[in-house]
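User: I would like to learn how to read strand pairing, helix packing and chain contacts in a model. Please take them one at a time.

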Amino acid sequence: MSLDFKFAPDDFGGFFRDETFRETFTYTNSNPRRFPFPFDRDDYMYSVNMEPHVPGRPGTVFEHVFDVDEHYVAEMIDRAKVLAEDPLRCQSLPHMTLAGWDVLELIMEAKARDYPQWFSLTKDGNRWHWVNRPLGIEQSFTFLDESTLPYPPFEYIMRQTQGDWTLQDDREGTLWMDAGIATSQADWSVDFDVGMNFMEWHAPVPLAHEKGVFDRALKFLLKLQHGSPVRRFNWTMTVNPLLDTAPETYPKWGPMKASITPENLGAKQHLRVELQSLYRLPRSNAIAFDIRCYLCSFDQIVTVPKWARRLHRVVRDLPDELATYKGFIRNRPAMVEWLAKHDDGTPTSPGWWPDD
Amino acid sequence: MKVELTPIDAPSIKSRPVYAPLEPRPGKLHVIVADDAGADAVNDMLTKATNRSEILAGAHVMYCPGPTGTDGTAKLEALGAAQFFRAPTIPALLPRLVRVLLDAHMGTQFYLAGSESLIGQAEREIMNTGFPFASIQKEQRGSTLRRVQCVHCKGITENVATDPFRCSHCGLSLFVRDHYSRRMAAFQGVNIDAEDPGLVPESVVRFK
């Protein structure tokens, strides 16, 4: 058994873009104003910055629990390629199977509810029938019976879900990253990090430990309740719309960072935003952590004047440690120079939405 | 990812295992695994113990010399533990530990002492059998040579002394990131010249 996608770009009125995140890099946003710009003020420092993950403005990435956008099919094709090249990108320790079923249920129910035109889930007791029209998948299976799916439940649903995910077991007063998939990650290794606890996997992050950010975040998360998910933003920079910036393949994509020139910067340099959301799972009591990646080129960001001004100020004033950790210290001077041309010094309004 | 060499005496990073002096604890079975100067840590723990003879009567001691040749065999053999085993190397020691774990009951106390490589690999075997984290004590003594996993080819290089170093499997020049995985019992090695191939800084000795 396997999971073969049946996709034609003209299906669904051409909604799902036929695009690439590698080699030809044809990825782009049809509407840059839909991009979740992460800065609500003109400077940036780490904070826990959690808020309830409740449905938000129609037409934005916050409209539904899980945002299925024009990049869905292309991202799933890219994920399948990464997993074919390196199966270690998806791992689940043996005790996490139940949490895998929990997250499969969470995603299938939410997508069938919010996008009935694309997904459907029908249940007859534990006999479930799942239809994923964009990917051309139809599957009857028995809930909680692994033998009835072509992959273990976590991998099965993750091959149909945007974002990198981890499943965190709650024991001994901390969270343990005992399952995970990463094919669109900002430079962390599932293979290395699986089995680590909350403080261990955050170890390489500078400045935040000293500020107590992780102690507070852990306390907060241990109290997370089923049915009350939370979200926060994180961000970094990526040269080319490259979803998979894994440490494993760093020798392949690292040289791209040296390809920036003043002429190509606007098209090549992308702001990479992670919309992170966390869900307590009902049977396993594990926490599912979704790291959803959005990419937007500088050329597209500066079409929104408020974002252009603000991005310039944030990048210019970021502490060196953070620019280093986020991996763009070498290109920061060029980025600041380029962005300065789009910042007339006018004050910006609070919050991240465009002004008009 | 950018190269940042953390001085060896810098405050410990958060994924680094926390080490504290071994403390004697009550228990029926005391599994003591050590290498290198870990023999002295075991001795110090027993010196503190008010139940020394009780611990030794239920102790299974496994020991091997350290990566730089330090050999505390005689000290540990002389303790008079219920069982003593000397292995030539860590890989030769681990199968015996795995066998002992098969019969160990909950409430067993584990004492690991010596190099990070020994501590990490022994801890991994113990945790694989489901013993709680809290039953394992660890004290680092002696060599600070590191066991490093190449994040690119996944091969593990033992006894890394310099930073950067060449991966013994794929040959890439790696810097040792201060990021430790208990599951791998290894630190993470990341290609140092990925962005500028060929620009490899001179190696410095950071681990001894």
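User: How many bridges join S3(A) and strand S4 of chain A, and in which sense do they pair?

Analyst: Strands of a sheet pair through backbone hydrogen bonds, either parallel or antiparallel. Two strands count as paired if DSSP finds at least two bridges between them; helices (H or I, at least four residues) and strands (E, at least two) are DSSP runs, numbered from the N terminus. Here S3(A) and S4 (residues 127–132) of chain A are joined by six bridges in the antiparallel sense. As one bridge partner, A:Lys123 has A:Trp128 in S4(A). This is a predicted model, in which local features need pLDDT of at least 70 and side-chain atom pairs count only at pLDDT 80 or more, while totals for chains, interfaces and linings use all residues. Residues are numbered from 1 along each chain as its sequence is written, and chains are lettered from A and ligands numbered from 1 in the order in which they are written.

User: What is the strand order of the open sheet in chain A, and which strands stand at the edges?

Analyst: The order of the three strands is S3-S4-S5, with antiparallel pairing. Strand S3 (119–124) and strand S5 (137–142) of chain A are at the edges with a single partner strand each, so one side of each has no neighbour in the sheet. On average, neighbouring strands are turned by 10° against each other, direction ignored. Helix H2 (residues 97–114) of chain A packs on this sheet and touches S3 and S4 of chain A, its direction making about 120° with that of S3(A). Contact requires C-beta atoms, placed from the backbone, within 7 Å. Axes are lines fitted to C-alpha atoms, for helices over the stretch in contact, and angles run from 0 to 180 degrees between N-to-C directions.

User: At what angle do helix H4 and helix H5 of chain B pack?

Analyst: H4 (residues 90–103) and H5 (residues 116–128) of chain B pack at about 30°, with axes 10 Å apart. Residues in this contact include B:Leu94 and B:Leu97 of H4(B) and B:Leu118 and B:Ala122 of H5(B).

User: How many residues does each chain give to the contact between A and B?

Analyst: Chain A gives 25 residues and chain B gives 25 residues. On the side of chain A that touches chain B, helix H4 (190–193), helix H5 (198–201) and helix H7 (250–253) of chain A are the elements giving two or more residues. The predictor assigns the complex an ipTM of 0.85 and a pTM of 0.88.

User: What pLDDT does chain B average?

Analyst: pLDDT is the predictor's confidence in each residue, from 0 to 100. Chain B averages 90, and 91% of its residues score at least 70. Over residues 1–12 of chain B, the pLDDT is below 50.

Conventions: Contact = placed C-beta atoms within 7 Å.
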